[in-house]
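Welcome! Take a look at it, and then try each task before reading on.

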Amino acid sequence: MNKIFIVIEREFMTRIRKKSFILLTILMPILFVGIVTVPVLLASIDSDKKYTVALIDQTGKYSPMLKDTGKIHFIPVEKMTEEVRDKDNDYTAVIVISNDLSQDSLGATVYSHKEVPVEITQYFNSVVRDNIKEERMAAYNIPDIEKIIEESKVEYSVPTVKWTDDGDEKKSSYEIAGLLGVILTLLIYTFVLSYGGMVMQGVMEEKTNRIMEIMVSSVRPFELMMGKIIGIALVGITQFLIWGVLIMVVMLVAGGMLASDIDPSQAMAMTGGMQGVPMPESPQVELFQIIQGMNLVEIFVLFVLYFIGGYLLYASFFAAIGASINEQADSSQFMMPVVILMIFALYAGMFSIQNPDGPLALWCSYFPLTSPVVMMVRLPFGVPTWQLIVSLMLLYVTAIGVIWLSAKIYRVGILMYGKKPTFKDLVRWIKFN
Amino acid sequence: MDNFLEISNVCKRFVNHVALDNVSINVPRGKVFGLLGPNGAGKTTLIRIINHITMADSGSVVFDGHLLRGDDVYNIGYLPEERGLYKKMKVGEQAVYLSRLKGLSSMEAKKRLKEWFEKFDILDWWDRKVEELSKGMQQKVQFIITVLHEPQLLILDEPFSGFDPNNADLLKREIMELRDQGHTILFSTHNMASVEEICDNIALIDHSKVVLSGDVDDVKNRYKDNTYYLVIPAKAELQGVEILSQEQKRNKKYLVVRKPAEETNSQFVNSLTRQTEILSFTERIPSMDEIFLRVVRNGEIK
């Protein structure tokens, strides 16, 4: 068994030293941060831009209301002249108000040679809207009407609380549980497909390089296969850990920057909420409580169990495929059924978010080929223990069975060159001693 | 005789065909043993059985006095016909890896590799990727990897294919040296010239069966067919002798003649000298090439 570690070591070391690995591992978090920050950055760059707008107010009613903002500068103009229309003047847009807008909503138009910037129309709309609203309210002649309306604006969302088995009450949130489920599902899906694919590539490489015969004269094929599967899993886990740490660091830095923006009363509320003093809770505290209420340790342990089971199952499939084929071109034909299964699992998982305890979710979280993906959706919502046990047992029994079958195909396949095997051949290889 | 490897009654059946049918071979210790046979005869299957890659259906393989075990692979160095290396890995690193799988520590492997690389004058390849080496260069590295753990048994499957004559000669000398150090070498090839040069014993496998085996000289003797090279003066005529071919060059006649089976050499020579002067008389011993063809093509088994 000593040799399996030598194989694992090689698989691990050669892969993490690859330039592509190092690049991807560093670039992904940068990409991630980029996706989050670039739109914000772009928006802030854009905000420096200033617009000059020519205002032709034939009613004379609105021009006092349309005050210059930081971005928009209004210049009153008598009437539409050729000079105003000229393409090369400084005006970004020309607003023509020809009628009282509370009477005639089509009484104003914005002209421009280019697309009218959203900021201009937004500002104009809000000014006009407020004015119309004021006028209409005033028409009712009710004293303090503004205050009455302000007070009648209420936002409400009912708190949901989940009873746990030991009678505790925990705050729950459908949205956050669903989000966590999706994240876990995607993690398992991407990991299994990309690293499982890597196992297949690795086996094919050994086969096409003709190194297999040298290898199997010193290592048992089973050790070689498992060494590769485990070694590549470790590569993936290393990558995920590095990403996790990098993203956490970025989050902390970003979090620190956010925290300085929170005013002291809110910070008080946060600490107060954690001490159990009933105080109006800020969204952060609520989020914290919801996540606390989900039993993260249990979710994490189960995630790891499904992760390992699912990876072993699919990776050994991929190893057998890699061993059976001789050329890259043949791989797609054999990959297809496996990929279709994975995609089906992903879809089943996504649909299960709507109804985590429905029949689709239930059966797919038992079926071992889909359970690692689908169960992830259900986990944050809480799954009965007996269902977990049945599902995990099915998964691991199947995984061991598939490893056993794959090892047989692998043993024969790695030394078979020449014609592309048919599925009938594969069955024969399994039967062969 | 002390046999390092005794293969007895080994059978191996695949779904569509029989690869080995009751094969028995004895490989003497410290000798070079040639495993011959046409393509698809079952040589590779036999080699794989010895390497513990596949199992025989029946029969036994005795390795150095005991039944073949899994850990005997540490004492076997195998250079397959289909040989390759990890293309993206560096030469030195890869050699260390493969040697560790054969049971060497990484320190020991490095030490021995440096020695061999120096001997073959390829030390500057150490940090190069395999894909940068030519095929012949890769073969050298593979040979070193095969012998590095100083196995008692070396199995070389077509070792000379892909080598230029210069390197083939180098390899030949290494093989002979390893033999002189006491290693047993099992050598599979189609190249009959190299068999005559370096093999002490051979076995010829055809259609899954051993059809011929033994000491090389002994085998050749068995395939002698009483033919002789004879050189006589051009004007001489022979009577009552079966002449297989004749050729005249200047004042000499070069003949191939057959001796009647019941006569001894002396009687035959006597009968010739009575007729003419003999310039040269040599027994024609068949080449391994000829024996191979006669066995495989005509089924002429002796």
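**Exercise 1. Find the domains of chain B in this predicted model, and say how far apart their C-alpha centres lie.**

Solution. Start with the bounds: domain 1 of chain B covers residues 3-221, and domain 2 of chain B covers 225-284. Next, take the C-alpha centres of these two domains, which lie 44 Å apart. Then step back to chain B as a whole, whose C-alpha trace spans about 75 × 45 × 35 Å along its principal axes. Chain B holds nine helices and 14 strands. Of its 302 residues, 37% count as buried.

**Exercise 2. Work out how helix 6 and helix 14 of chain A are oriented to each other.**

Solution. First locate the two helices in chain A: helix 6 runs over residues 174-208 and helix 14 over residues 371-378. They pack with their axes 7 Å apart, at an angle of about 165°. Angles over 145 degrees count as roughly antiparallel, so helix 6 of chain A is roughly antiparallel to helix 14 of chain A. The crossing of these two helices is right-handed.

Now look at who meets whom. Helix 6 of chain A brings A:Gly181, A:Leu184, A:Thr185, A:Ile188 and A:Tyr189, and helix 14 of chain A brings A:Pro372, A:Val373, A:Met376 and A:Val377. Sorted by class, this contact has seven nonpolar residues, two polar ones and no charged ones.

**Exercise 3. Describe the side of chain A that touches chain B.**

Solution. Begin with the counts: 16 residues of chain A are in contact with 20 residues of chain B. On the chain A side, helix 1 (2-16) and helix 7 (212-216) each supply at least two residues. The largest share, four residues, comes from helix 1 of chain A. By class, the chain A side divides into six nonpolar, five polar and five charged residues.

**Exercise 4. Decide whether A:Arg210 and B:Ser208 are buried or partly exposed.**

Solution. Most residues other than glycine have a negative phi. A:Arg210 has a positive phi of about 60°, and B:Ser208 has a positive phi of about 70°. Place each one next: A:Arg210 sits in the loop between helix 6 and helix 7 of chain A, while B:Ser208 sits in the loop between strand 9 (201-206) and strand 10 (209-215) of chain B. Finally, count neighbours. A:Arg210 counts as partly exposed because it has 15 C-beta neighbours inside 10 Å. B:Ser208 has 21 other C-beta atoms within 10 Å, so B:Ser208 is buried.

Technical notes. Residues are numbered from 1 along each chain as its sequence is written. Chains are lettered from A and ligands numbered from 1 in the order in which they are written. This is a predicted model: local features need pLDDT of at least 70, side-chain atom pairs count only at pLDDT 80 or more; totals for chains, interfaces and linings use all residues. Axes are lines fitted to C-alpha atoms, for helices over the stretch in contact, and angles run from 0 to 180 degrees between N-to-C directions. Angles under 35 degrees count as roughly parallel, over 145 as roughly antiparallel, 65 to 115 as roughly perpendicular and the rest as oblique. A crossing is left-handed if the near helix is turned anticlockwise from the far one by less than a right angle, and right-handed if clockwise. Two residues are in contact if their C-beta atoms, placed from the backbone, lie within 7 Å. Ala, Val, Leu, Ile, Met, Phe, Trp, Tyr, Cys and Pro count as nonpolar, Asp, Glu, Lys and Arg as charged, and the others, Gly among them, as polar. A residue is buried if 20 or more other C-beta atoms lie within 10 Å of its own, exposed if 12 or fewer, and partly exposed in between; C-beta atoms are placed from the backbone. Domain bounds come from an automatic or database domain assignment.
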